[in-house]
Amino acid sequence: MLAIVALALGAAAWLRLGPVPAIDATTSLTITDRNGEPLYEPLAASGSRTQWLRAETIPPRVADATIAAEDRRFDKHIGVDPIAVARATLHNIRARRVVEGGSTITQQVAKLVLQSRDRSLRTKWRETVLALRLEHRYTKREILALYLNLAPYGNRINGIARASRAYFGCAPEQLTPAQTAFLASLPQRPSAFNPLRDPGSARARQRMILAKMNLTPQEREHARAERLQFAKTAQPAVAMHFIERVLGTQQPSNPATQIRTTLDANLQRTVSGIIQAHKTDLIKHGAHSVAVAVLDNATGEWLAWEGSGNYFDDAFGGAIDGVTTPRQPGSTLKPFTYALAFEDGASPATIVADIPANFPTAEHGIVYTPRNYDGRYRGPLRIRAALAGSQNIPAVATLAKLGPESLLRMLRNAGFTGLQRTADYYGLGLTLGDAEVTLEQLVTAYAAFARNGKQVQTTMVLTAQPRNRATAQLFSPRTAFFITDILSDPDARAYAFGTGGSLDFPFPVAVKTGTSQSYRDNWTVGYTKDVTVGVWVGNFDRRELRGSSGLTGAAPIFHGVMLAAMQRARGRLPIGDSTPIVDPPPDAESLEICSLSGRRPSTYCQSVRREWLPTEAAPQFCSWHHADTIDWPVEYRAWARQTQPRATLASSTVHHRALEIANPADGATYLIDPTLRLEFQTLRLRAISATRVTWQIDGRPVAPEWPLARGTHTVTATDAAGRTESVRIFVK
Ligand SMILES: [Zn+2]
């Protein structure tokens, strides 16, 4: 009997008197840029590092609110509260899920001290033992002080004193009852919501806590009516999205008190300034958000990272990080389609067809009819012109040959991890950017072009030891060279984009623009040897932009950021330095070609230029040009007949019928193209006739550029002699 009593006493003594881990009161996390400049320091506002709240200095209201929120029987229990546990169990059973924990404040202190991460029984037992010991070692006030100093208040802010400064810009004793109740509501679910971003979600709990606090009816009413104003100046203003991302990727148990990031605060401020300078212009175009990312190609370090243009702009989702938000990339994915073609043996001289064309889709009987930005057809185009001028039809035609599944594979390898659907789902529209990607992924993938095809491993944190993670070769150095040579060729894009605009630089810059369907997103991505820069302009609520194109939204910002990033990389702008971004590889040679056929020139070729060709390819000579005619390959004949002067046509064309509808074909099915503006969703009505032809659709006269409308339609052509021809088409 005595032994049992002794054992029980011993057990109780061990439970209550056993060791308690040291509680560190002084650590706080500082995040700096690459040069050690603080970007984020929770204590910066007060200028003091000792914010440890002492038991005797706990403001009564803070104590009241915290006890009301967490543990109403705090003053009565011995560290654990069986009544609270029973009540919580009952509530949880009733709600059929865990709605209440039943942990006392002391148990929560134990949990915070032990930094337990799992909720196993063993962990709970350890926490319970420590709670009992804490109750023995400390007074109730001291335990409450421990809780208030250790509890997480969201945004990686621990402790009520820091939280009070960060959210409301004042010391805890200056908080109003409404603010106190709001803060007391945060430790419950500190990571579930960001009070700066979404104060609404904490409001319900705040009201509940206010109801339980010891307030006079007048104080309570006043507190309920108070509109919380968050202290914006107390938050760091530089690179908030980047800091959140860095914090989000750190291990919660990381003992580091300082994280040195890769960001360059000076460049980041310049980027913010450039965005500010374009703000009026952007708003004129209906764009409220801008994301910019700058990557160091050699090291994979992020040098600048702006998520929205203004983190605190609540009206337009300023706290959302546009660098990591998936959006439709428009034409910015086209280089990957041509990279695939280059891997397959094509060269910048390879001819692709820019002619009216229908492509089969995964859906039986449905064809895909892509259109170019301006609705025109340019016949045979060299890949250089097709990519630089960003024509849609050649990109789709190229992908149709290679297959969407091979592009999908390449894009996934390049880091577009969000592309989780099947190739059939995306279809050929994949090359026109109808799947969603992030700016972070785009910039990372483009950097591989600047690195001779080698993938880059990006990082946000500087590490002392060199990072020697193996990186994959995404495509050959020759493919990287071809793509880079085309994207940095201002002459090649001039026919579509003009010259002297935001895409032109006094040194080589490879650049690509993109615009998503209905003008919701506007992109410019580009690189030099040193850096890759990406810019997105749009609205987080997907509101459409107005009158914005590749050259009026993102491109001017891209221009400014690229200049700043190069100034930083080289110490001065490399004006006039024409060193290529990617060196020509030994397996490519510059040779003369026929501008039209892309093949080695014959004596009849009218226009000859130099182009890069694979060294291993057997020379093919132009067979299109003859003494006074062009012998068009069969696929270009219909196009040539309509666009080329008669003299250049092969004489073999004979018309058997007086009137023939050349376009559309009888029975053709058209899909309304989601990547283009509605005004470009037109069907070109073309007839072969010696006289003027007028057009009717479903009996109503129409112009030869008919805007596609869903349904089944009868297209009728009437010539001057009154002859008619009809075809039926389907538009889905
Ligand atoms: Zn020729």
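These are notes on a predicted model, taken region by region.

1. **Ground rules.** The model is predicted: local features need pLDDT of at least 70, side-chain atom pairs count only at pLDDT 80 or more, and totals for chains, interfaces and linings use all residues. Residues are numbered from 1 along each chain as its sequence is written, and side-chain values use heavy atoms, with hydrogens and water left out.

2. **The largest core.** The largest nonpolar core has 132 residues. A nonpolar core here is a set of buried Ala, Val, Leu, Ile, Met, Phe, Trp, Tyr and Cys residues joined through side-chain atoms within 4.5 Å. Buried means under 20% relative accessible area, exposed over 50%, and partly exposed in between (1.4 Å probe, protein chains only). Leu183, Phe336 and Phe416 touch the most other members. Helix α19 (residues 439-450) gives the most to this core, with nine residues. Helices (H or I, at least four residues) and strands (E, at least two) are DSSP runs, numbered from the N terminus. In soluble globular proteins, nonpolar side chains tend to be buried together.

3. **Around Phe336.** Setting aside residues up to four places away in sequence, Phe336 touches Leu407, Met410, Leu411, Phe416, Ala445, Tyr446, Phe449 and Phe475. Contact means heavy atoms within 4.5 Å. There is also a second, separate core of 31 residues, which includes Val271, Phe558, Val561 and Leu573.

4. **Gln441.** This residue sits in helix α19. Its relative accessibility is 13%, so Gln441 counts as buried. Beyond its neighbours within four places in sequence, Gln441 is in contact with Gly415, Phe416, Thr417 and Gly418.

5. **The antiparallel sheet.** Five strands form an open sheet in the order β5-β4-β12-β11-β10, with antiparallel pairing. Two strands pair if DSSP finds at least two bridges between them. β5 (302-306) and β10 (510-515) stand at the edges with a single partner strand each, so one side of each has no neighbour in the sheet. On average, neighbouring strands of this sheet are turned by 10 degrees against each other, direction ignored.

6. Strands β11 (residues 521-527) and β12 (residues 531-538) pair in the antiparallel sense over seven bridges. Tyr527 has Thr532 in β12 as its bridge partner. Helix α20 (residues 477-487) packs on the sheet and touches β10 and β11. The direction of α20 makes about 75 degrees with that of β10. Axes are lines fitted to C-alpha atoms, for helices over the stretch in contact, and angles run from 0 to 180 degrees between N-to-C directions.

7. **Strand β4.** Eight of the eight residues of β4 (residues 289-296) are buried, so the strand is largely enclosed by the rest of the structure. Ser289, Ala291, Ala293 and Leu295 point one way, while Val290, Val292, Val294 and Asp296 point the other. β4 runs antiparallel to β12, joined by eight bridges, and Val290 stands opposite Val537 in β12. Four bridges join β4 to β5, again antiparallel; there, Ala293 has Trp305 as its bridge partner. The β4 and β5 hairpin has five residues between the strands, and Gly300 takes a positive phi near 75 degrees.

8. **The zinc site.** Cys594 (SG), Cys605 (SG), Cys622 (SG) and His625 (ND1) are the protein donors, 2.1 to 2.3 Å from the zinc ion. Donors are N, O and S atoms within 2.8 Å of the metal (3.2 Å for Na, K and Ca); water is not among the atoms, so sites may look incomplete. The four donor atoms subtend angles of 104 to 117 degrees, which makes the arrangement tetrahedral. Four donors count as tetrahedral if all angles lie between 85 and 135 degrees. The donor residues are spaced C-x10-C-x16-C-x2-H in sequence. Cys622 and His625 are buried.

9. Another open sheet has five strands in the order β16-β23-β22-β19-β20, with mixed pairing. β19 (residues 693-697) and β22 (residues 711-719) pair in the antiparallel sense over five bridges. Trp695 has Ala717 in β22 as its bridge partner. Ile661 lies in strand β15 (residues 659-663), and its contacts include Trp695, Ala717 and Glu725. The C-alpha atoms of Ile661 and Glu725 are separated by 6.9 Å, though the residues are 64 apart along the chain.

Key:
Four donors count as tetrahedral if all angles lie between 85 and 135 degrees; four count as square planar and six as octahedral if opposite donors are over 155 degrees apart and all others between 65 and 115; anything else is irregular.
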